[in-house]
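User: I'd like to learn how to read the features of a model like this one. Could you walk me through it, a feature at a time?

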Amino acid sequence: MTKRAEQKYMSRVAELGCYLCQHLGYGPTPAQIHHLREGQGMAQRNSNYLVIPLCDQHHANSSVDGIHGQRRAWKLAQVGEMDALAWTIGRLNNGS
């Protein structure tokens, strides 16, 4: 795939809004891209097609709720990256 196709895909993912905010019933909130860590080493980044949309609070390591932080909201919701990826793919393919 080309860089252009990757960028278009990641833009579509970000436009979905934060996965965890929607899972928690807050509705869509502005999102940034998170590359899944599943199956990767500490300093490695996954493919640009293995991404999920997260708001800053649910993404950043500076947040206790962030996936790069303490993951408090993730633990309380009992979901992980693979749940978010399945949701993302479903939304992109079904539009719902």
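**Reading the model, feature by feature**

Analyst: Let's start with a helix face. The exposed residues Ala86, Asn93 and Asn94 sit on the face of α5 that is turned away from its buried side. Keep in mind as we go that this is a predicted model.

User: Okay, and which residues of α5 are buried?

Analyst: Glu81, Ala84, Leu85, Thr88 and Leu92. Looking down the axis of α5, you find these buried residues within an arc of 100°, so they line one face of the helix.

User: Let's move to charges. How many salt bridges does a search of the whole structure find?

Analyst: It finds 2. To read one, look for a side-chain nitrogen of Lys or Arg within 4 Å of a carboxyl oxygen of Asp or Glu. Lys3 and Glu6 make such a bridge, at 3.9 Å from N to O. These two residues are 3 apart in helix α1, so about one helical turn separates them.

User: Are Lys3 and Glu6 buried or exposed?

Analyst: One of each. Lys3 is exposed, because its relative accessible area is 59%. Glu6 counts as buried, because its relative accessibility is 16%.

User: Which residue forms a salt bridge with Arg72?

Analyst: Asp65 does, and the closest N and O atoms are 2.9 Å apart. Arg72 counts as partly exposed at 44% relative accessibility, while Asp65 is buried at 7%.

User: Where does Asp65 lie, and what does it touch?

Analyst: Asp65 is in the loop between α3 (56-59) and α4. Leaving out residues up to four places away in sequence, Asp65 touches Gln57, His58, Arg71, Arg72, Ala73 and Trp74. The polar contacts of its side chain include one with the side chain of Gln57 at 2.7 Å and one with the side chain of Arg72 at 2.9 Å.

User: Which side chains make polar contacts with the side chain of Asn48?

Analyst: Among them are the side chain of Glu6, at 3.0 Å, and the side chain of His35, at 2.7 Å. Glu6 is also the residue that meets Lys3 in a salt bridge. The residues Asn48 touches, not counting those up to four places away in sequence, are Lys3, Glu6, Tyr9, Met10 and His35.

User: Now the rings. How should I describe an aromatic pair?

Analyst: You give the distance of the centres and the angle of the planes. The count for this structure comes to 3 aromatic pairs. In one of them, Tyr19 and Trp74 are 6.0 Å apart from centre to centre with 35° between the planes, a tilted arrangement. This pair links distant parts of the chain, with Tyr19 in helix α2 and Trp74 in helix α4, 55 residues apart. Tyr19 and Trp74 are both buried.

User: Which aromatic cluster does Tyr19 belong to?

Analyst: Tyr19, Trp74 and Trp87 form one aromatic cluster.

User: Last one: where does Leu16 lie, and which residues does it touch?

Analyst: Leu16 is in the loop between α1 (3-15) and α2 (19-23). Not counting residues up to four places away in sequence, Leu16 touches Gln22, Pro28, Pro53, Trp87, Thr88, Arg91 and Leu92. Leu16 itself counts as buried at 13% relative accessibility.

User: How far apart are Leu16 and Leu54 in sequence and in space?

Analyst: They are 38 residues apart in sequence and 9.3 Å apart in space, C-alpha to C-alpha.

How values were computed:
Residues numbered from 1 in each chain as written. Predicted model: local features only at pLDDT ≥ 70, side-chain atom pairs only at ≥ 80, totals over all residues. Heavy atoms only, no water. Helix = DSSP H or I, 4+ residues; strand = E, 2+ residues; numbered from the N terminus. Buried < 20%, exposed > 50% of the residue type's maximum accessible area, 1.4 Å probe, protein only. Contact = heavy atoms within 4.5 Å. Polar contact = N/O pair within 3.5 Å; in protein donor to acceptor, adjacent residues only side chain to side chain. Arc of directions from axis to C-beta. Phe/Tyr/Trp six-rings, centres within 6.5 Å; stacked < 30°, edge-to-face > 60°.
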